[in-house]
Amino acid sequence: LRPCLQNISRTLRSDKVYKTVRIALENFTPTKKHLEEQAADIKEKTTLILAATADPADPYRLRLPGMVDLAAREALEAVDFYGQCAKKFDELRIYLKLDQMASSSFFLLWDDFLVSSATAENMKPEVRE
């Protein structure tokens with residue numbers, strides 16, 4: 001539950017707690033596709049640039065392929081990690097029979113259960129600060 005609770009931003013204003021979800025899993029689907037397309041585009045452009053460079057000892061030619069490969073690998077690892085998180089979240093929703101619930105609602109549900117707004121609102125002012 002730690003990632004779920006860390007994903008909630010809590011603000012106390014005028015004796016009221018406002019909670020917002022920082023990141024919803026559903027918002028990452030377009031980002032994932034864009035990241036995959038962007039990595040492929042950068043690799044293609046790198047190949048064209050390296051083909052235009054005649055000097056085999058050019059520092060740009062020596063370092064660029066490794067840097068691009070590392071960035072592409074890390075981007076694809078992030079995409080894979082997203083896939084693992086989304087799969088586990090879907091399995092959890094099915095297990096709890098919450099098939100249609102959005103991740104942001106799920107996060108707020110657990111946060112409201114474990115970190116009650118009423119508790120924070122009823123604290124003494126010196127404790128709240």
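Predicted model: local features only at pLDDT ≥ 70, side-chain atom pairs only at ≥ 80, totals over all residues.
1. Where does Asp-111 sit? This residue belongs to helix 4, which spans residues 103-114. Its relative accessible area is 0%, so Asp-111 counts as buried, the cut-off being under 20%.

2. Leaving aside residues up to four places away in sequence, Asp-111 touches Leu-5, Ile-8, Arg-10, Lys-19 and Ser-116. One of these, Ile-8, is also a member of the largest nonpolar core.

3. That core has 6 residues: Cys-4, Ile-8, Leu-25, Phe-89, Phe-106 and Phe-107. As background, nonpolar side chains in soluble globular proteins tend to be buried together.

4. Within the core, Phe-89 is worth a look. With residues up to four places away in sequence set aside, Phe-89 touches Leu-25, Glu-26, Met-101, Ala-102, Ser-103 and Phe-106. Among them, Leu-25 and Phe-106 are listed in the largest nonpolar core.

5. Is Phe-113 buried or exposed? Phe-113 is found in helix 4, and its relative accessibility is 63%, so this residue counts as exposed, for which the cut-off is over 50%.

6. Finally, Phe-113 takes part in a nonpolar surface patch of about 390 Å², together with Leu-1, Leu-114 and Val-115.

Conventions
Residues numbered from 1 in each chain as written. Heavy atoms only, no water. Helix = DSSP H or I, 4+ residues; strand = E, 2+ residues; numbered from the N terminus. Buried < 20%, exposed > 50% of the residue type's maximum accessible area, 1.4 Å probe, protein only. Contact = heavy atoms within 4.5 Å. Patch = residues over 30% accessible without salt bridge, like charges linked within 9 Å, V, L, I, M, F, W, Y side chains within 5 Å. Areas by Shrake-Rupley, 256 points an atom, 1.4 Å probe, with all protein chains shown as cover. Salt bridge = Lys/Arg side-chain N within 4 Å of Asp/Glu carboxyl O. Core = buried A, V, L, I, M, F, W, Y, C linked by side-chain atoms within 4.5 Å.
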